Amino acid sequence: MKTAIDVLCVLYSWLNRLYPPGFRAAFGEEMQAVFAAAATEAASRGLAALLVLWLRELRDWPGAVLSAYWACALRVHAQVTRQEGTSMGKVWNSTESSRPWAIEGRGRAMLAALPPLVIGLGIGVAATIDGGTWFDMKVWEKALLMLLTVLPVGILGVGGLIALFRSIPEWSYAWAGGTCVAGTVLLKIIAEERAEVGLSIVSPAIDVGLALALVAAGSVVLVIAALRGWAQAGLTSIGCVSVFGISTFSLLRAAPFLRHDLVLLAAPLGLLQAVLTYVYVRGGRSQAMRWAVMALIWWLNAAPMLLAHQVWQTWLAQRGRTSPILPLLVIVTILAWAGPVAGLLGRSIRRSLGRA
Amino acid sequence: MNDQQDLADALPLTEATTFIMLSLADEPKHGYAIMKDVEALSGGRLELSTGTLYGALSRLLDQGWIARCQSGDDERDTPGRPRKTYTLTQIGRRVLEAEIARLDAVLEAASLRTAEAVP
């Protein structure tokens with residue numbers, strides 16, 4: 001039973017890391033101690049009582065974390081109002097002359113901008129060794145191709161997990177958003193491959209559950225970023241949309257298209273988006289610059305969809321099927337703008353509270 | 001909290017907040033003691049998770065209804081760190097009294113109405 005308590009305490013400490021840093025500094029150790037005491041007491045009543053305690057913690061955890069972030073945002077708002085002696089409207093509407101958010105260190109800014117480059121390089125480099133259909137390839141070519149496909153997703157995933165355990169620090173918004181999208185895309189690709197031979201990954205219900213869990217995780221990351229500010233939420237969106245847009249290139253590699261020449265474009269596109277993301281996180285003279293970068297990144301990720309549409313349309317038309325271009329463009333648009341819009345909605349709510 | 005209007009604006013309290021403040025009404029308590037006391041006060045109906053408890057404590061501290069202080073006893077949460085206790089402030093006590101009066105009024109109205117309904 002002691003092992004079960006120890007394991008739950010470790011899991012609890014991981015969950016605690018997602019509270020805002022200020023809240024964690026004030027209550028983190030105390031909460032950990034109270035949980036350990038409650039777990040020890042519950043364990044003395046049996047494993048079922050311990051399980052009930054753990055499930056209660058899990059049930060209340062998302063609400064408690066979001067509530068702590070909300071309280072944190074209100075506290076910051078109150079401090080700003082007191083210090084500046086001005087209305088919230090003036091504070092939130094101020095342009096970049098006050099630089100409300102920017103990553104100051106160049107190293108951290110580069111780290112924040114890496115996700116598009118990681119995914120673009122992975123897909124682009126994989127195209128150079130992929131000379132034919134899957135069945136024509138040698139074993140080492142298949143192994144290398146799989147490695148180059150899985151490696152960028154793995155790097156992104158490790159970055160995303162580090163972000164999660166460190167309470168989504170400033171450099172990690174794009175990593176966290178990109179990880180959720182990469183995980184969902186990878187899950188869909190594997191599910192489609194398995195579906196061709198009439199199989200599911202685990203079971204149909206669990207597959208759908210996994211996909212929903214990833215989408216929910218992405219939404220939680222977006223809400224947390226939006227509570228911190230629209231620029232942070234925008235960076236989360238950049239991570240999501242760049243990973244989704246660049247991933248489209250991997251579809252052009254599949255038979256019967258085999259357009260490896262086009263797939264190579266993923267690398268320079270990833271590099272270009274990384275540079276734009278760097279410009280975004282370093283901040284500029286006005287918020288308009290950030291909006292312009294967001295719009296450019298949106299367009300850059302809609303372009304691969306249009307390119308794919310050109311490649312697919314003849315083949316699809318011959319089979320009497322419609323191109324999926326419209327839903328893809330809708331998804332790209334939602335991913336690109338969900339962050340800034342969520343951030344602005346959060347800002348409006350804070351302004352209303354400020355007036356109240 | 002300058003007048004009755006401010007007190008009225010603060011009400012009603014949530015069930016968890018009411019029980020936490022009730023728990024602190026007799027003496028200062030630390031987190032785990034509050035958790036167990038709330039469970040006992042509510043007859044086992046309200047079992048707080050640590051997230052809910054500390055979220056509520058954080059809000060009550062921000063509102064100035066409770067205060068946090070070092071415990072005088074020798075018990076410690078972690079080695080080298082004295083246990084923190086929470087106590088009701090004067091404002092908090094007034095808010096709690098106002099909430100109890102409000103609940104009393106509700107109960108009285110309910111008793112009258114149900115008594116009238118009896119044939």
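User: How many residues does the contact take from chain A and from chain B?

Analyst: In this predicted model, the contact takes 20 residues from chain A and 22 from chain B. A residue counts here because it has heavy atoms within 4.5 Å of the other chain.

User: What area do chain A and chain B bury between them?

Analyst: About 1,800 Å², with 52% of it on carbon and sulfur atoms. On the chain A side, A:Phe27, A:Glu30 and A:Val34 lose the most area to chain B, together 30% of what that side buries.

User: Why is the pair A:Glu30 and B:Arg68 called a salt bridge?

Analyst: The cut-off is 4 Å between a side-chain nitrogen of Lys or Arg and a carboxyl oxygen of Asp or Glu. The closest N and O atoms of A:Glu30 and B:Arg68 are 2.3 Å apart, so the pair qualifies. The count between the two chains is 3 salt bridges.

User: Which elements of chain A give two or more residues to the side that touches chain B?

Analyst: Helix 2 (21-43) and helix 3 (47-84) of chain A do. The largest share, 12 residues, comes from helix 2. By class, that side of chain A has 12 nonpolar, 1 polar and 7 charged residues.

User: How do you know whether A:Asn16 is buried or exposed?

Analyst: Its relative accessible area is 6%. Buried means under 20%, so A:Asn16 is buried. A:Asn16 is found in helix 1 (residues 2-16) of chain A.

User: What does A:Asn16 touch, leaving out residues up to four places away in sequence?

Analyst: A:Asn16 touches A:Arg24, A:Gly28, A:Met31 and A:Gln32.

Key. Residues are numbered from 1 along each chain as its sequence is written. Chains are lettered from A and ligands numbered from 1 in the order in which they are written. This is a predicted model: local features need pLDDT of at least 70, side-chain atom pairs count only at pLDDT 80 or more; totals for chains, interfaces and linings use all residues. Side-chain values use heavy atoms; hydrogens and water are left out. Buried area is the accessible area (1.4 Å probe) that two parts lose on being put together, summed over both. Helices (H or I, at least four residues) and strands (E, at least two) are DSSP runs, numbered from the N terminus. Ala, Val, Leu, Ile, Met, Phe, Trp, Tyr, Cys and Pro count as nonpolar, Asp, Glu, Lys and Arg as charged, and the others, Gly among them, as polar. Buried means under 20% relative accessible area, exposed over 50%, partly exposed in between (1.4 Å probe, protein chains only).
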